Amino acid sequence: MNKLSLSIDENESKQNIINYIELQNRQNEDHEQLEEIKSKYDSLQSGVSRTEKNLSEISDVLKVLSQSQEKLSKEYDELLGTISEQVAEMTEKAYQQDAVGLPDYALESSGARVISKLTTDTYKLQPDGIVGKISNILGIAIKPGRPPTEAIQPSIHPGECWAMKGTQGVLTLKLAKNVIPTQITVEHLAKEISFSVSSAPRFIEVYAIQDIKAFSEDYIIGKRELFGQEKPFTTLLGKIEFDPSKKSLQTFDLPSHLDKPIQYLQFQFLENWGNSDYTCIYRIRVHGSNSS
């Protein structure tokens, strides 16, 4: 009986040991699986963190690119505006050289001026009939013409000229600086876009005024006629014929040269191409040198 009881106890002890070992093994397995799961979780968590970091970096890069794009767009607009201004300026400069590549000392924007008191009156358009007679008596122009300064402007457009009264008259200029005039350029509206060239000047005399004070006193105070062959205190530099049917822009050499620079010139218009009411002077240019 005692032997049987002892045998049963031993068997139970063995079974308990086996059960304990198996339980321990399962715990180890569970622990390994838990560690593996934890490792995978940590790896996933790390990946999420890296992804968030990458997304943040991408966001920063996109923000920088957006700012750069705005800056480039602004710089492009500014550059485009600058280029447009430069093109316009270059075009204007090219035009101001009058397609002959010579400085124009009669250009108003360069400092030249019209001496109004020594220049022929501007043509004034008056209506026919009694209204025209009354306005003429009162000295009121229904449609006043453009001033003589139109003759020293850079632009040439239909109707934008100085309409000098009659077929004969004078235009007196103070040049932009003291020069020895060697050439003049006369420009009229091109015949292809003009209704008529009959108002264009034909024969022109060019006078250098040596003493503007004495010259002015003689004409203004002494009441000498502006148009005439006798012109004291002047030197005749040349007489030219302008024919607009050939070219709308023509440059003429002045045969007589001065010993020293002058600043005052007078253009005397002797005749036009047939218009008895007025003569249109679109532009006069003066070219020369600063020294003898």
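Which residues lie nearest the centre of the largest pocket? Point 4 takes this up.

1. Basis. This is a predicted model, in which local features need pLDDT of at least 70 and side-chain atom pairs count only at pLDDT 80 or more, while totals for chains, interfaces and linings use all residues. Residues are numbered from 1 along each chain as its sequence is written, and side-chain values use heavy atoms, with hydrogens and water left out.

2. Overall make-up. The protein chain holds 3 helices and 11 strands, where helices (H or I, at least four residues) and strands (E, at least two) are DSSP runs numbered from the N terminus. Their order from the N terminus is α-β-β-α-β-β-β-β-α-β-β-β-β-β. Of the 292 residues, 31% are buried, meaning under 20% relative accessible area with a 1.4 Å probe, protein chains only. Among contacts (heavy atoms within 4.5 Å) with a separation of 6 or more, 81% join residues 24 or more positions apart.

3. Helix 3. Helix 3 spans residues 212-221, and its buried residues are A214, F215, S216 and Y219. Their cover includes strand 6 (201-209), strand 7 (234-241) and strand 9 (262-272). At the start of helix 3, a side-chain oxygen of D211 comes to within 3.3 Å of the backbone nitrogen of K213. Just after the helix, K223 has a positive phi of about 55°.

4. Largest pocket. G159, C161, Y278, C280 and Y282 lie nearest the centre of the largest pocket, out of 22 lining residues. A pocket here is an open set of points on a 1 Å grid over the protein atoms alone, where a 1.4 Å probe fits and protein lies on both sides within 12 Å along at least five of seven lines; lining residues have an atom within 4 Å of a point. The volume is about 580 Å³, taken as the space filled by probe spheres set on the points. Strand 3 (143-144) and strand 10 (278-281) each give at least two residues to the lining. By class, the lining has 12 nonpolar, 8 polar and 2 charged residues; Ala, Val, Leu, Ile, Met, Phe, Trp, Tyr, Cys and Pro count as nonpolar, Asp, Glu, Lys and Arg as charged, and the others, Gly among them, as polar.

5. T172. Is T172 buried or exposed? T172 counts as buried because its relative accessibility is 0%. This residue belongs to strand 5 (residues 169-187). Its side chain reaches the backbone oxygen of L118 at 2.5 Å. Leaving aside residues up to four places away in sequence, T172 touches R113, V114, I115, L118, T119, I209, L265 and Q266.

Notes. Buried < 20%, exposed > 50% of the residue type's maximum accessible area, 1.4 Å probe, protein only. Polar contact = N/O pair within 3.5 Å; in protein donor to acceptor, adjacent residues only side chain to side chain.
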